[in-house]
Amino acid sequence: MTNTPRRTHLKVLGASLGAAAFAKTVAPLVEWSADMDLDEFMQRHYRELDSNALADVISRHEFSARDEYGADVTIRDVRPTPGVVFGYALNLSICIGCRKCAEACHQENNHDRRSHQSYIRVFEMSAGSIDFHRGNAGYDHPVPAPDKYYMPVQCQQCENPPCVSVCPVEATWSEPDGIVVVDYDWCIGCRYCEAACPYHARRFNWHKPEIPADEVNPNQGLLSNRIRPQGVMEKCTFCLHRTRQGQLPACLEACPTGARVFGNLLDPESDIRWVLANKRVFVLKEELGTRPRFFYFFDV
Amino acid sequence: MDATHHRPTRSARNYLRFLAHCVAVTFDGGVAYFAWMGVLFTVMLIGLDAFVTQTLGGMGQTAMSDHVSWGIYIANLTYLVGLAAGGVMMVIPAYLYRDHEMHKVVLAGEFLAVASIVMSLGFVVVDLGRPDRFWHIIPGLGRFNWPMSMLTWDVIVLSGYLLINLHLCGYLLYTRHLGVPPRPVVYVPFVLVSIVWAISIHTVTAFLYAGLGGRPFWNTAVLAPRFIASAFVTGPAFIVLTLQVVRRYTVFEMGDGPLRTLTSILRITLLLNLFLLLSELFTEFYTGGHHSLGAQYLYFGAEGKHALVPWIWTAIAFNLIATLLIHVSTVGQHLWRINVGCVLALAGVWIEKGMGLIVPGFVPSTLGEIVEYVPNALEYRVMFGIWALGLLIYTMGARVAVAVYHGHERFAARWQFDDREMVDGRVERSEEGGTQ
Amino acid sequence: MATSTFAAEALPVRASLLLLTVTAIACARGTPHAEPEAVAAAVARYPIDIRLPDGLGELRTGQVRPDGRPERVACVTCHGHAPEDLASRNPTAQMHGAIRLNHGELPCLACHDRSRRNNLHLADGRRLAFDEVDTLCRQCHGSQARDYAHGAHGGMTGYWDRSRGGRVRNACVVCHAPHAPSIVGVYPAPPPLDAPAAHPEAG
């Protein structure tokens, strides 16, 4: 074979066509990246931001909440309080399975309305069994049903969290007050943490969240309930934008029966410590060594 | 043979020129070659288009969910890391056992490694929700959770393996082209490292799953050995087939020796793979209980859901038939049987350690819910796109290798090399360059 | 390595830090409302307000008012403050007909004061106003009362950290109708959209 002019022309034509088709295919991607702020692209990890950078990041997110959702929001970076480690306990004897906690979470944490997301999943369990394989999260009948009890499951804020170990980019970590948080601006969306979590506590933003402007909760935390971007992980933070200011988490306030107990594990006078000392508490999947800070108990 | 004394800068420049010419060679070929490359390029673009759609509109367009959060992308990643590692089954005989015939074709294994790793990395990228943040995982630029995260190990071993094999392919082709013997100090250490490294890439990939205590289906010590065994099935099987394609459609000449060696390897690894599978099945089903629910779902279905059941039994049938065929056939007499066996083994392992490994890790979920996963058209488009990219790279590699091996004369004539310049004026080349 | 939350040596240090912090905040804010429960003297805390249900000290007669709302009559309408002569009255008069008593084996007068019907009474005969009803409940429901006192029973809103804000808690009778205290079924909020169909009942 020799390179005749005709042959060369054909090749040039083919190569040009190929290049054009390639350019056409990636055009939307190029357009999208052109829209993206360079600062946004280059933004460092949360823990590397100084106060100026942090203020910039916050104002950018507040702006985009207005721009994209039509909502005036205030985002704060509430830091942990020294001497506080949060713990949560749940009384299975008095939980009636009404899902008000899951619903409150949905509202409080600016969850996607389309998927009706919530960090809490309530299982209807068969009496005499703590086997989730016999439980059911999809029940839809008056509660409490006979011979059933109800087990809400959310992030257990493990002391030894598998999700943190596996994250390749340190986008998720354990804060000094025990809350496992996600830097939504750093997560690459590989979902390894979702595979690692034994409690189905992590959620992925499969779409850009949809929330009507009037339903957006404007009281937002940078590491908690601010509206998440598409393609990143999210999880329960014990409502740290509330709890780090001394307030109770939204799921607890919504609980009509008082099945939920929240407080500072380091304060011997706290309600949570009373529960740990006086109730026969257990944790989920203790055998995995995750050391949850979320406890369950039955009234004896 | 001449011991050439390359001056470093000049050598580097010549080497880069050589690589540029290699790329140019891939734009030369017959009608069939261009048709094949055209098809691959088109499929690749279709996949790229699907990937763009997925990235902009959200991963919700795939069939994955919070219950089954990894799907066919990670399944292919797992398979391809195995294929990449399997290439080492040519390297070991060629370099450690000095199998000369194998040595002649060992580049096929190294190019397989390169193409497979590129595909693996492709499958990692398309599985990311935020591929624009890929730089976060680059050591030095982002934050690298090493040594805790097995995914960072995977990044290291995969990119390291890619570099090692690129170096080996490039250097061996270059010396071959020059007709000088490759200098052992420049490549033998890399060959030895690559052998260990091949094992490591697949071990690390297995550890990625095996380390998750919340997923009992994966949390088994036999996972890494199974990965290695099946890798040593797919690698040789793939090369047995491609060597014959190269032999048939190019001017490259090759005896049956490498095919015989690879077939002997397959006879062992196929059995080993089945044995490890049997060990796994025994533990799962004799013990029973919650830890076996994933396996239960995979092999028999659970609660009326059994999307994977036909697949996994097909895989087992394929693997058994392949084992049988390859054991009762010889390269000289029943090559076609061996070829059928290789195809079946490739397909069988693809199912077994692709979808058959990833999906049951998520079904039932950690809280016992059974949500099924069946990949949708978008995911298949992305998948075929990446496979097309890999085959494109592999074909380009074969094209260059054949051009170089078939004769530097013609290679040089077409691309107007001044070979004497390339070896710094100290040319003393043998006619066929049979120096290795 | 991860530090243990309950590391024995860490605890007193952190607790005293907390105490200092709390005291400092309390001083800065002035003295909050007095707290009835026993609390460490140095720690000022915001109060716990107990929310009582509407209609305490009223009776639903079972009749409907002209505006469509259920008729309610305050107990004092009939039962004045003076001691009453019970013998002269029919205890199941139609006024109380709507009450379906389902509270163990208890009769009306186990809780309602025999002679002053606008009051409740404890087992020792001490009279209570209706808004002190929780004290009455506690006589029998000791374990619930104990849990309630430690925040492990009964809904609440407000602050876990009472050096920063108060709490509002429900009185017993907000959730438990005193005449039929068992919780009745409610319809739950909708299930998650990604929940699979229920498991078939395992044997």
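**Exercise 1. State what share of chain A is buried, and describe the chain's make-up.**

Of the 300 residues of chain A, 53% count as buried, where buried requires 20 or more other C-beta atoms, placed from the backbone, within 10 Å of a residue's own. The model is predicted: local features need pLDDT of at least 70 and side-chain atom pairs pLDDT 80 or more, while totals for chains, interfaces and linings use all residues. Residues are numbered from 1 along each chain as its sequence is written, and chains are lettered from A and ligands numbered from 1 in the order in which they are written.

Next, take the secondary structure. Chain A holds 9 helices and 12 strands; helices (H or I, at least four residues) and strands (E, at least two) are DSSP runs numbered from the N terminus. The C-alpha trace of chain A spans about 90 × 45 × 40 Å along its principal axes.

**Exercise 2. Decide how far helix H4 of chain A is enclosed, and find what its buried residues pack against.**

Step 1: name them. The buried residues are A:Lys100, A:Cys101, A:Ala102, A:Ala104, A:Cys105, A:His106 and A:Glu108.

Step 2: find the partners. These residues pack against strand E3 (121–126), strand E4 (148–153) and helix H8 (250–254) of chain A.

Step 3: look past the end. Just after H4(A), A:Asn110 has a positive phi of about 50 degrees.

**Exercise 3. Classify the packing of helices H5 and H9 of chain B.**

Step 1: geometry. H5(B) (residues 100–127) and H9(B) (residues 257–287) pack at about 90 degrees, with their axes 8 Å apart. Axes are lines fitted to C-alpha atoms, for helices over the stretch in contact, and angles run from 0 to 180 degrees between N-to-C directions.

Step 2: class. The two helices are therefore roughly perpendicular, a term for angles of 65 to 115 degrees.

Step 3: residues. B:Glu101, B:Met102 and B:Val105 of H5(B) meet B:Gly257, B:Pro258 and B:Thr261 of H9(B); contact requires C-beta atoms, placed from the backbone, within 7 Å.

**Exercise 4. Describe the side of chain C that touches chain A.**

Step 1: extent. Contacts link 38 residues of chain C with 48 residues of chain A.

Step 2: elements. Helix H1 (10–29) and strand E6 (156–158) of chain C each supply at least two residues, and H1(C) gives the most, with 6 residues.

Conventions
Angles under 35 degrees count as roughly parallel, over 145 as roughly antiparallel, 65 to 115 as roughly perpendicular and the rest as oblique. Two residues are in contact if their C-beta atoms, placed from the backbone, lie within 7 Å. A residue is buried if 20 or more other C-beta atoms lie within 10 Å of its own, exposed if 12 or fewer, and partly exposed in between; C-beta atoms are placed from the backbone. Ala, Val, Leu, Ile, Met, Phe, Trp, Tyr, Cys and Pro count as nonpolar, Asp, Glu, Lys and Arg as charged, and the others, Gly among them, as polar.
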